[in-house]
Amino acid sequence: MKKILSVLLSAILIVTSLAVGFTAFAAEDEMGFAVASDLHYNVPREELEATIEGEEIYWYANRRAAMEDESGLIIDEFLKQCAEDENCEFILIPGDLADNGKMIHQEHIDVAAKLAKFEAESGKPVYVIPGNHDYGVDCETNLDDFIRVYGNFGYSEALETLEGTASYTVNLGEKYRLIALDSNDPTKSTEDGMSLKKIQWVHEQADKAKADGRYPILMMHHNLLDHLPVQRILSRNFIVRFHYTTATLFADWGIKLVFTGHEHCSDAASYTTPSGNVIYDFATTALTMYPLQYRFFTLTDDEVKYEARTIDSIDTDALTATTSGFTQEHIDLMNAGLNDYAKGFLKAGIQYRLGKGFRMEEMGIAEDAFYYDLVATAVGGLVKILEDPLYGEGGIQELAAEYNLEIPDSEYENGWDIVTELVSWHYAGSEPYNIYSRDITIFLRLVSLLLKDDLATIADDVLLKAANELFSVFGTDSVITDITKIATKILGPVSAVEYFLIALVSPLVCAFIADDDGVEDNNGTLPGYGTVNAQSRISNVINNLVTTVKNIFESISIMFGILMKIFTA
């Protein structure tokens, strides 16, 4: 009996030891870390200054819609969350640590002090790479200054560096190697500085990582893949040149994950090479702008899990102690939910920036230009549709009805309210609405109204000005507008010009409102580095072909849906 008990106890001990061993292996195999980009730290002002006339709450908002005075405290809260998270082993920051880092070196000193304090207290390392705001030629902060200030955040433990840049490599955990690539051109403002030398260096480092039995991960400031529809055209300085060629090279060299910033959006994009290798570019939004968001990743051989995390509170007592001018309403709103407050701040800043851009002097159009009146009239019509109340007597809903267009009821106050709401989706990622939603219907009907009313008004000013002056004697101030409204009711709301214009912009609208690349922007699970083999590559090629064909048909369907939504009341 004793022998039997001894055998059973021994078996239990062996099984327990194996279980502990497997658990330990699983824990070693799993790596968790945070990615926060575009911190855009500003030295806080002593006192707030009014920027936006007539704005009740966000009168101190700026054209960048960045929470400058609050930035340091937002960064503090982010570091606090990472310090308290047992699963967070380190932090990656893909550039733009300081907002005015090129010219105000103190901003870098302040950020570095925060990171050093975090490392000392938590024991967790931070790895940084510069962005286009961080250093430049003939600036207060040059390349050497940046590397010196942030020496303890990647550079002091670098395995290799690339001369003349702030690029370096370090090991992450037991299985990965970070290739931190300086994608900037220090002589320019926002555009990338990618070169053959840098790409060859990435190739060398990826090969060395694999030779050492490690998976290569890339971090750089500029985007590798499109995070806007045709980003190379709409936002060309935010994505690397020859991005598909570069993405093909990186993916075929064994790089699966790329962490970027710069565009200030939370968006995940994928690209499949002809060889069947898939690369993912995770663009992370600016930490100190709505949605005050960073990413958290958990990596194993089999899976890449990621989630978006939000900063929703800061030390408002410290804020008011540093900067005066905040009202009690400001503080109450922040304490009730900083993220909601940041969204209002963002929308006010966007409206301020776009509104300034609609001014003729901002456009650089002289009063004696032959097209001045034409542009001024068109812009005036646009501003009217954006600023006038959507509902009520004399509102945009009534104006639209005169053109046989129905603006659905909603909580939005004016056109700016809905436009800035849609823009905020781009920053936050995971766009929640589709082409058939009420919000998109309102937006597209406003586009249709703008085309109709502006075309009518422009024709009025340019072609029938004399006739209108004559008819005004009889109480008719806008002949062509009245004719257009009558013709619309009789013949329908569509003209050949409008069909052409909408057909031209609808794919862009579609891409903005429907992020359907198959990769969730904020929360998801993807195949890990250990799943790459010949079978997975073949499967990736087939899936890519199927997805491409599907997206073509869906785009055509949505384009016609847009037309129907605009022109069917």
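## A first look at helix 6

Lys-210 and Asp-207 sit three residues apart in helix 6 (residues 196-211), about one turn of the helix. Their side chains form a salt bridge, with the closest N and O atoms 3.8 Å apart; the term stands for a side-chain nitrogen of Lys or Arg within 4 Å of a carboxyl oxygen of Asp or Glu. Lys-210 is partly exposed at a relative accessible area of 39%, and Asp-207 is partly exposed too, at 36%. Here buried means under 20% relative accessible area, exposed means over 50%, and partly exposed is in between (1.4 Å probe, protein chains only).

A word on the ground rules: this is a predicted model, in which local features need pLDDT of at least 70 and side-chain atom pairs count only at pLDDT 80 or more, while totals for chains, interfaces and linings use all residues. Residues are numbered from 1 along each chain as its sequence is written, and side-chain values use heavy atoms, with hydrogens and water left out.

## The chain overall

The secondary structure comes to 20 helices and 13 strands. Helices (H or I, at least four residues) and strands (E, at least two) are DSSP runs, numbered from the N terminus. Of the 569 residues of the chain, 50% count as buried.

Contact is taken as heavy atoms within 4.5 Å. Among contacts between residues at least 6 apart in sequence, 73% join residues at least 24 apart.

Arg-64 is partly exposed, with a relative accessible area of 23%, whereas Asp-99 is buried at 7%.

Glu-121 and Lys-117 also form a salt bridge, their closest N and O atoms being 3.1 Å apart. These two are four residues apart in helix 3, so about one helical turn separates them. Both Glu-121 and Lys-117 are exposed. Elsewhere, salt bridges link Lys-343, Lys-347, Asp-417 and Glu-421 in a network.

## Cysteines

The structure holds zero disulfides, a disulfide being a pair of cysteine sulfur atoms within 2.5 Å. Cys-82 is in no disulfide, and the nearest cysteine sulfur, that of Cys-88, lies 4.2 Å away. Cys-82 counts as buried at 2% relative accessibility. Cys-265 is buried as well, with a relative accessible area of 0%.

Strands of a sheet pair through backbone hydrogen bonds, either parallel or antiparallel. In this model, seven strands form an open sheet with mixed pairing, in the order 4-5-6-7-8-10-9. Strand 4 (160-162) and strand 9 (267-272) stand at the edges; each has a single partner strand, so one side of each is left without a neighbour in the sheet. From one strand to the next, the twist averages 20 degrees. For such angles, axes are lines fitted to C-alpha atoms (for helices over the stretch in contact), and values run from 0 to 180 degrees between N-to-C directions.

Two strands count as paired if DSSP finds at least two bridges between them. Strand 4 and strand 5 (residues 167-172) run antiparallel and are joined by three bridges. Leu-162 stands opposite Ser-167 in strand 5.

Strand 11 (residues 293-299) is mostly covered, with seven of its seven residues buried. Gln-293, Arg-295, Phe-297 and Leu-299 are buried on one side, and Tyr-294, Phe-296 and Thr-298 are buried on the other.

Strand 1 runs antiparallel to strand 11, with five bridges joining them, and Val-35 stands opposite Arg-295 in strand 11. Strand 11 also pairs with strand 12 (residues 303-310) in the antiparallel sense, over seven bridges. Phe-296 stands opposite Glu-307 in strand 12, and a hairpin of three residues joins strand 11 to strand 12.

## The nonpolar core

In soluble globular proteins, nonpolar side chains tend to be buried together. A nonpolar core here is a set of buried Ala, Val, Leu, Ile, Met, Phe, Trp, Tyr and Cys residues joined through side-chain atoms within 4.5 Å. The largest has 88 residues, of which Phe-78, Ile-91, Leu-115, Val-128 and Tyr-150 touch the most other members. Helix 11 (residues 338-357) gives the most to this core, with seven residues.

Leaving aside neighbours within four places in sequence, Val-128 is in contact with residues including Ile-93, Leu-97, Phe-146, Tyr-168 and Met-219.
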